[in-house]
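Welcome, and please open the model in your viewer. We will go from one selection to the next and look at what is there.

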Amino acid sequence: MTETVYIIDVESGNLQSLSNAIKHINPNYEIKFIHNLSEFQQYDTQIRKLLFPGVGNYGHFVKEIHNRNLSGPIHDYISSGRSFMGICVGLQAFFNRSEESPEYKGLGYLEMDLYKFDNLDPVFVENGLKKSVPHIGWNHVSELVEPDGGLFEDGVSLYGINTINKYYFVHSYAAIIKNEEAKKGLLKFGKENGWNFAFAKYGSEEFLAAINKGNFFATQFHPEKSGVAGLKVLKDFLEDKQFPVIAKNDVQSHPETEVTLGGLTRRIIACLDVRTNDDGDLVVTKGDQYNVREESKEEGESKSKVRNLGKPVELATRYYNQGADEITFLNITSFRNSPIKDLPMLQVLKKAAETIFVPLTVGGGIKDMIDPETNQVVSAAKIADLYFRSGADKVSIGSDAVIIAENYYANNKVKTGTTSIETISATFGVQAVVISVDPKRKYIASPSDTSMQVIKITDPSKYGPQGEQYCYYQVTSQGGRKTHELGALELCLACEDLGAGEILLNSIDHDGSNKGYNLELLTQIKTNVSIPVIASSGAGNPQHFKEVFEMECGIDAALGAGLFHRGEYSVNEVKRYLQQEAKMDVRLDDNVVL
């Protein structure tokens, strides 16, 4: 029997993955989107399951709710006793207001405000670190609290949410419990009004990870991006299983594993460089320092062939099934002559999002573009929106970020509000914008030879070819083909100020080398920025992941490509090494409660 699930869509982020997750749970579910008051009124008497997801800027999201006259119908629907689920900003909208956009008032179901996570969290400061904000990654729910203030009975979950599995969070603002008195007040409110609460921690800061009262349920994390554990939460909601019991022997905990300062697990990201080969087919490729062509072996060949490691969706699905925490697609082909609506990566994302339920990032060509079909300019925010609607959760900006940073410094660090970084983050949130940095070491004799911040080389064996004792990392663009008079650190600081939420830090010197990550470069960037940093380039074995995660600067995630593509190691083999040999906290899919 077909049942219809309704989703409120105020054009804020990736809803395709949520639709795919619902269809994956039960192919008989039909999905219908509600965009405005008239559509809500059209379907109102039919709705029995309503989801309210959102990604991005709180102000943009709440403004769209009011502009589309949806606040009243949402309130009436919840009051009617029918099933309702909010996700991420779809939870945040039910508080009073957010520090992110204080001028916009929320729906006020709970008398709390939303605050930004503190970079200067004492837990991190005591260890000489800053806490990365946004809060991005896999985290536990620390407590499930009943209305009477007591913890849930052992084995009882809230729509499948339990304190063992890990769920994917991506947000800068949260309903943070400021102190013990505030928590007591919240629990008193819960007792008087019948609320169940799920709490989580990021460093020393405790926040609401989920809330529930009767038919109303909302999560701060993304169940549709939390792998099998998240699908379980969605399934239980759709099947009205509010307090399902989980048998103790269904879950294996790992008490010997050292937990990170922030509570997040170490993220392992699988990266796929995608481009067209000489036959026009999209393939996954990989090269040494960005050269993706095989050496020509046949006599008389005019050029070598593009290295073909497999099809993008097939490989991405393999890595998801191996336990990858995220998948990144980097489009390294220029599709200048392709109509915007037919960009090949849109189809890759649509297919990948049908069976992959962890975050997807796409990079390449995220900028203002001229559509060859209409000859009209299409904004970067619109390009990003097309990718989000196809299944992406984040967009990675590379070459355009370099131009933006150069103009930022030329304009005395004055923001224009019109760059791709600013326009995308203003609508979809800073967590949706990743900056992909491609730098190469440049040796210099003296710090006075450059205006960039330099690194003092302390190991004589690593001095430059002319005995240079200093270096900085010079930014490149266009796949490493063009160099700029700009340092990697300067680029990252500019992009962070403009609204980027994460840095994918490559290293041309280490790319394809299998000799490990560039720890020198990673240390310089991570110690100077406040947003998460993903280590990339050079991973050749599991020990390299251990090495980068043991760095004192606190790297947030590590990306692998070649070692996975060549089949030398699976993602879970890397994770098992980190857990069993290095005692590190990683997400293993065999811990998921089905």
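A nonpolar core here is a set of buried Ala, Val, Leu, Ile, Met, Phe, Trp, Tyr and Cys residues joined through side-chain atoms within 4.5 Å. Buried means under 20% relative accessible area, exposed over 50%, and partly exposed in between, with a 1.4 Å probe and protein chains only. The model is predicted: local features need pLDDT of at least 70, side-chain atom pairs count only at pLDDT 80 or more, and totals for chains, interfaces and linings use all residues. Residues are numbered from 1 along each chain as its sequence is written, and side-chain values use heavy atoms, with hydrogens and water left out.

**Stop 1: the core**

Start by selecting L51, I327, F329, Y387 and F545. These are the residues with the most contacts inside the largest nonpolar core, which has 171 residues. Now colour helix α14 (residues 488-498), which gives the most to this core, with seven residues. Helices (H or I, at least four residues) and strands (E, at least two) are DSSP runs, numbered from the N terminus. Another core lies apart from this one; it has nine residues, including C271, V434, L559 and A561. As background, nonpolar side chains tend to be buried together in soluble globular proteins.

**Stop 2: F329 and N331**

Centre on F329 and show its contacts (heavy atoms within 4.5 Å). Leaving aside neighbours within four places in sequence, F329 touches L272, V274, P312, A316, M345, V348, L349, A352, L360, T361, V362 and G363. Next, select N331, which is in strand β17 (residues 326-331). Is N331 buried or exposed? N331 counts as buried because its relative accessibility is 11%. Not counting residues up to four places away in sequence, N331 is in contact with V274, M345, G363 and G364.

**Stop 3: helix α7**

Select residues 180-193, helix α7. At 1.5 Å a residue, its 14 residues should span 20 Å, and the end C-alpha atoms are 20 Å apart, which agrees; the expected span is 1.5 Å times one less than the number of residues. Show K183, L186 and G190, which are buried in α7. These residues cover an arc of only 60° around the axis, so they are on the same side of α7; the arc is that of the directions from the helix axis to the C-beta atoms. On the other side of α7 you will find E181, K188, K191 and E192, which are exposed. What do the buried residues of α7 pack against? Their partners are β6 (110-116), β8 (143-145), β11 (176-177), β12 (196-202) and β13 (205-213). Just after α7, look at G194, which takes a positive phi of about 80°.

**Stop 4: I211**

From there, move to I211 in strand β13. I211 is buried, with a relative accessible area of 0%. Leaving aside neighbours within four places in sequence, I211 is in contact with L91, L110, W195, N196, F197, F216, F217 and A218. For a distance label, pick the C-alpha atoms of I211 and S448: they are separated by 56 Å, and the two residues are 237 apart along the chain.

**Stop 5: salt bridges**

A salt bridge is a side-chain nitrogen of Lys or Arg within 4 Å of a carboxyl oxygen of Asp or Glu. How many salt bridges are there by this rule? The count comes to 30.

- K382 and D385 form one, with the closest N and O atoms 4.0 Å apart. Both lie in helix α11 (residues 380-390), three residues apart, about one turn of the helix. K382 is partly exposed at 43%, while D385 is buried at 10%.
- D9, K382, D385 and R389 are linked in a network of salt bridges.
- D497 pairs with K415, with the closest N and O atoms 3.4 Å apart. This pair links distant parts of the chain, 82 residues apart: D497 is in helix α14 and K415 is in the loop between α12 (399-410) and α13 (420-428).

**Stop 6: helix α18**

Finish with residues 571-580, helix α18, whose buried residues are V571, N572, V574, K575, L578 and Q579. Seen down the axis, the buried residues of α18 fall within an arc of 155°, so they line one face of the helix. They pack against β15 (267-276), α9 (312-321), α16 (542-549) and α17 (562-565).
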